Amino acid sequence: MKVLKIVCVIFCICLLGGCNNSSNIFSQGSYQSDSMEGMEGSSPDLSYEIIPQVPNVLVNQVGFPCSGIKVAIFRGDHLSDSFVLIDSFTKRIVYTGTIGSKIYNEELKEYISYGSFSEFEVEGNYYIQTDMIGQSYPFSIGKNLYQDIFTTTCKGFKDSFTTRKGQTYEKNSIMEDSKVIANLLLAFELYPDLFGDDLDISESDNGIPDILDEIKYKIDWFQTIQTHQMSGNDLVSYAGILAKFSQIYKLYDNSYSKQCLKSAESAYQLAETVELKNDSLRYFASVELYKATTYNKYHIVAKGYINRENSLDNESIFKLFGDFGYLSGKNGVDTALCGKIMGYLMDRAEKIASKSSKNGYFVCSYEEEEILEEMQYLAIIDYVITNHEYVTVQENHLHFLLGRNPQGVSFLEEGDFPITQQVNLSAQLIFMMSEILESEIKE
């Protein structure tokens, strides 16, 4: 009993001391733990779970670009008027900023405020501290901060794409794989300079961008499957993705490109009589085959889909791939239909941007999957019309994914379903980050 009282007293002292010593909370991203060393006598075996604490000063835990917008989020009803930016190594204050007026987030039932330190552009490692609620996790300010994430994620596709080698075909597996490949090919198509031949894989330094080498593993596997075994969804997905790959890969291996295109046409022909619940798959395939061959029969199918009254209501990702494919076509596209597609995409982008601006965390959703899906629309429309506002919206969503969120975690590696452990989300992340990295290079 005496020992138990001692434990209780020490526990209370630790709690009270922690309330008045907020400067130690989350120092260097570590959790506090109570020490019970020095206690005399025989103590009971106390087994308990340490519950991870969530910081109340939220930042992108990787960091912020030197010249970019830098904003921290402060959570709590009672806050001080200012915050300080502290150098992680010297422990010296390098910047003092103001915490703005608090607002109430009805959805999350919390008060949040903001503090900007955008004008501070000195490269280094820092953390933010303020009275009352403590400090943030450490982060960096610098250039090319996100390149390591981009490179590591790109490299990871080789393992994902080689796992199916030798496996038996499963229904809809090609359709799911095609979503991943289409995102990667689209990112490469728009920003080829971001993808090098230096990922340190076995194919590196062969004169072909490594991301295409990785994709080819999957394309090779696709072509080992008999088309008559494929489901309707897989058949058209196969036709569309091989047609798209053939257009990009012909710069590196024209013979293999022709082989892919031939396989794509054969699959499309086989699928012409197949009824699909989601016609956006056939739309995507017809657009890519029209771009690759300029045959009018594919154009007729694509135009028929776009002209349908309810085509704009379809939110399938393959419709988005088809829309951009048609907009980027160089031969014989219908300008009126391009205008219809652009009108829809711009309206969608404006809704996403507007919704994000009204959210306390500057995001369109609190769900990682929905965020990455919506950012595809912004990335595409921004590429077409170059709107700096849309880049800022995408950056805010990346800040959210990397720690400036209610959980205070990086969703790339943490959470119930880390992004980097899901191949589809990883591909969407690459597409999203391509736009952001390209914008940083231009600056």
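**Aromatic rings and their partners**

Lysine 216 holds its charged end over the ring of tyrosine 256, 4.4 Å from the centre (the cut-off: NZ of Lys or CZ of Arg within 6 Å of the ring centre and within 35 degrees of the ring normal). Keep in mind that this is a predicted model, where local features need pLDDT of at least 70, side-chain atom pairs count only at pLDDT 80 or more, and totals for chains, interfaces and linings use all residues. Residues are numbered from 1 along each chain as its sequence is written, and side-chain values use heavy atoms, with hydrogens and water left out.

**Another charge over a ring**
- Arginine 348 does this with tyrosine 377, lying over the ring face at 4.0 Å from the centre.

**Ring pairs**
- Rings of Phe, Tyr and Trp (its six-membered ring) pair if their centres lie within 6.5 Å; planes under 30 degrees apart are stacked, over 60 edge-to-face, and the rest tilted.
- By this rule there are 31 aromatic pairs.
- One of them is phenylalanine 245 with tyrosine 249, stacked at 4.8 Å centre to centre with 20 degrees between the planes.
- Both sit in helix α6 (residues 232-249), four residues apart, or about one turn; helices here are DSSP runs of H or I, at least four residues, numbered from the N terminus.
- Phenylalanine 245 is buried, at 0% relative accessible area (buried means under 20%, with a 1.4 Å probe and protein chains only), and tyrosine 249 is buried at 3%.

**A cluster**
- Ring pairs join Phe64, Phe74, Phe83, Tyr95, Phe117, Phe120, Tyr126 and Phe139 into a cluster.

Terms used. Helix = DSSP H or I, 4+ residues; strand = E, 2+ residues; numbered from the N terminus. Buried < 20%, exposed > 50% of the residue type's maximum accessible area, 1.4 Å probe, protein only.
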